[in-house]
Structure formats: structure tokens, C-alpha cells
Amino acid sequence: MNCKHCGAELQEEEQLCPVCGKSQTEEVTQPEAEAPAPEETQEQPEETFSKPSVKPGAKPWQIVILTLVCVALLAGLAFMIIRAVNEAQKPAEEGTETTESTLESQPSTLGSSVRGDYTVSDEEATAMTDTVVARVGDLELTNAELQVFYWMGVYDFLENNSAYLAYYGLDLTKPLGEQVQNPQTGDTWEQSLLEYALQTWHRYAALYQMGREESFAISEDTQKMLDSLAENMEELAKENDYENAQALIAADMGAGANMEGYEAYQFINCYALEYFQKLYEGLNPTDEEIEAFFTENEATFAESDITKESGYTVDVRHILIIPEGGTKSEDGKTTTYSQEEWDACKAEAQKILDEWLAGEATEDSFALLAGEYSEDPDSKSKGGLYTGVTQGYMVEEFNDWIFDETRKPGDYGLVKTSIGYHIMYFSGSAEIWYTQAKQALLSQMSTDLIEDALEVYPMEVDYQAIGLGYVKLSSDEE
């Protein structure tokens, strides 16, 4: 059984995924086939890389996490890299009772050198800032950098699992090192989250070593954002009543954490993700390999109602033009446009379509125009592309056009919906079983890439050298 959100392997009775933390009864949303925004959200979107805004009274980590550079750029691929195989979260085998004797006999999954508590005093954490705690090849991880990996992992877990903390038995008013995460092994939350941080760094470090051998360099845009990171942090700190970026980071990640460690975290995060994207895009399984994979795992796919009779999905590009003006309803949820406004919108859409037809009239040239003109924020940066769209997922008129049985690659046209006019370009279609099998096979192949990298570049950890600064996650006032 696999998690229907992230694909992680689950025990038969697990209702919450131990990796992504999501309930198996939640509805799965399609990552790339999201319908265009409804009328009530038709306002002009902010620029993708505009200066982040922080709500008044935000906690330090809610401020710092806004400065993350690469998470939004490569979301989706990030999960495949940072997913730690945490055996400690697997339940006991059926028939095994959890008793005191069982707890004592179960070895920790975190290694023979694991300590009971890694939190030290502020003075000790500050003194241990530059102490090296792990190595992968010639790359070293200091305590300052580890604290960033550790606390960012903690905050990511809290952000994505806030609804399940009581289920996990996690009390934010108590130190993580004093609460048992796995009754079988006795591992604490601090131990498990620390191991997650180390495994995350190991994956990034191994990919960094591989990329460096190929003289791989991160993109210019990402490098520019990294170069402005310190300045942006200083501004955010002052805007939120911190003396400087160092004070903000210390409040967020404890004594011993510093700006240098945060910048090192951001750099290796971006480098590994962009290099992995390059590797991932190079994966190209053949049709024969995809069908063989489906046949081999046919029973597993059938559990998710995926068979060779499941129908097909489409890939489509569009350029959305929203009418100007309009009259909002009293509740502000809908906008009504006059016939003149609709006519002007159609004329603008036709003008853009004519511009495309007068040029090369290729899919690539359509994508360029989508990036320039489209008012759909979800697809604009992807050249107007939606992939893997299923029957009934888009609004009716949009759906009817792309699922017309006569539709073929290269078809184009104008479609009016309640949102606006869509300039359409039909990229193609594929059977559901094929796309699902390809996605699963690519996931397996990418996982194999990571595992191979970890074998080539093993990690050495000095658990005795680790010292984490203390951060209070909750207070009596909250």
C-alpha cells in the first residue's frame, strides 16, 4: 500500500502517512491540472519574486521561511530528495505487544553513537558553532549549518502536520528531547528530527559532489537571489523589530546558528535541487519499459482503480484574457461584465491569436506568448501548460473543448468561460494508465539515482560533536 499523496510505502492499516503526514482519507488534488482561478480571485497576481510580506506578530520561523529561494522553484522534486526513510515511524509488526521489556530490547534506528539529548546551553551552542559534525567527501557540516537543517525540518513538519500533532502525541510546550516519538525504540522527537536533518543534508551533499564533478552551476536567476539573501534578511529583521538578521536567526534556530550557516543551507539546497532537476529531466523511459512496469505492478495500480480502461488525460496550453472593468456583487465573490466588456476581451484574445498565427505558429511560440500575455498565474510561468488533465476537472467549456473526440495535437481556438476568453492550444493526450505508470516509474528511477549517490558518497557523523541550541516552540500566552 502506498500513500496516495506522496507515494511513500505504508503499512496496511496506516491512515496517516509517516512521511508526508497526510490522511489517506483526504481527497487527492492534481498537482499540475488545477482549474483556472474562479472569478472572486481575478485580481492581478503579485510578481513571483516580489518582496515577501509578513503578518504582524509572526513568529521568527514564519519570517525566515519566507526567504527560502528554491522550494517554490522546484516543489515536487524537493520531496523526492529530502524524503528520509525513517524506519522509526513504522508500527510494530502485527502481534507484537509494546511493553517495557520490548522497549528496552528494541535498538534505536539512529545509530550506535546516538545520544539521549542533543540540546546544550546557549553558551555551549555558541562555542560549538564551527565544530564539524558530519562529512560527505570533502564537504563538511558544522553545528551552525546543522541547526538550520534541523530547525527548518522541525518547522516544515509543524507547518504540514499541525492538524495531527495531538494524534502524534507531540506537545509543543515541552522540549522535543523529552518526548518519545517511537515507543518501540524509545527514540525522541529530537532524535528522529535530527536524523531527518542529517539525512537531508546527506542527500544534498551527495548531489552536490556529483554535480561538482560535472562542473554543474546553478542558474543565474537563483544565484542573484542567493546574492541578495543577506540584504533581504536584514530588511525583514528590522521590519519585524529584530536588531539584525543574526538576531532573527538566533531567535528562530537557537544560539550557535548564524547567517553563514543559513546561507550555506540555502546554497546547497538550491544547488542539489537544480542539479537533481537536470538528472530528472534526463530520465526517458521507453514505451516498452513503461508498459512492462505497469504490467509488473498491475495489481497495485488496480487498487487505485487504474486499469487500461481508465480513459485518458490531456496536455493543453492556454492564454487567459480576463475582461476589464466589471461590476462586483455585494458580497464581492462574483463579477458581472457588460457585453461591451466581453466584446473587448474577445477582441484582445483574437489579436493575440492572430499574432501567434502570423509568426511561427508552433507550440514553443505559443508558450512564449502565454508567458507574456496570460492572466492565469498557475500556468503563466509554464507557458500556459496544464498536464495530465482529467475529464471534468476544468470548467465546462474548457473541458468540452479539450475532450472533443476529434481533437488532435496542434489544434487551436478561442473558448469563452465565465472567467474570460481562453486562447487554446492542444498539446496531446495519453491514456491514464500510461501517464500514471510513467510517473511511478520516473519516481522509482529518481529514487534509485539518489540511493546510488548516497552509496558513492557516504556520510560520516560525529554524534558526540552535535550541540543544538534551544528554541521555545510554544508559550503559555499562545
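This is a short talk on a few features of the structure shown above.

Hi everyone, and thanks for coming. Please keep in mind that we are looking at a predicted model.

Let's start with the strands. Which strands pair with β10? One partner is β5, which covers residues 312-321, while β10 itself covers residues 421-431. These two run antiparallel and share 10 bridges. If you want a spot to look at, find I321, which stands opposite Y421 in β10.

β10 also pairs with β9, residues 412-416, again in the antiparallel sense, this time over five bridges. Here L414 has I423 of β10 as its bridge partner.

Now on to helix α17, which spans residues 432-456 and holds D452. D452 belongs to a negative surface patch, together with D448, E451 and E455.

Finally, let me show you two loop residues with a backbone angle worth a look. S215 is not a glycine, yet its phi is positive, at about 60°. You'll find S215 in the loop that links α7 (189-213) and α8 (220-227). With a relative accessibility of 64%, S215 is exposed.

The other one is D241, also a non-glycine residue with a positive phi, of about 65°. D241 lies in the loop between α9 (229-239) and α10 (245-253). Its relative accessibility is 73%, so D241 is classed as exposed.

That's my tour, and I'm happy to take questions!

How values were computed: Residues are numbered from 1 along each chain as its sequence is written. This is a predicted model: local features need pLDDT of at least 70, side-chain atom pairs count only at pLDDT 80 or more; totals for chains, interfaces and linings use all residues. Side-chain values use heavy atoms; hydrogens and water are left out. Patches are made of residues with over 30% relative accessible area and no salt bridge: like charges are joined within 9 Å, nonpolar side chains (Val, Leu, Ile, Met, Phe, Trp, Tyr) within 5 Å. Accessible areas come from the Shrake-Rupley method with a 1.4 Å probe; for residues, only the protein chains shown count as cover. A salt bridge is a side-chain nitrogen of Lys or Arg within 4 Å of a carboxyl oxygen of Asp or Glu. Lys and Arg count as positive and Asp and Glu as negative; His and the chain ends are not counted. The place of a charge is taken as NZ of Lys, CZ of Arg, CG of Asp or CD of Glu. Helices (H or I, at least four residues) and strands (E, at least two) are DSSP runs, numbered from the N terminus. Two strands pair if DSSP finds at least two bridges between them. Buried means under 20% relative accessible area, exposed over 50%, partly exposed in between (1.4 Å probe, protein chains only).
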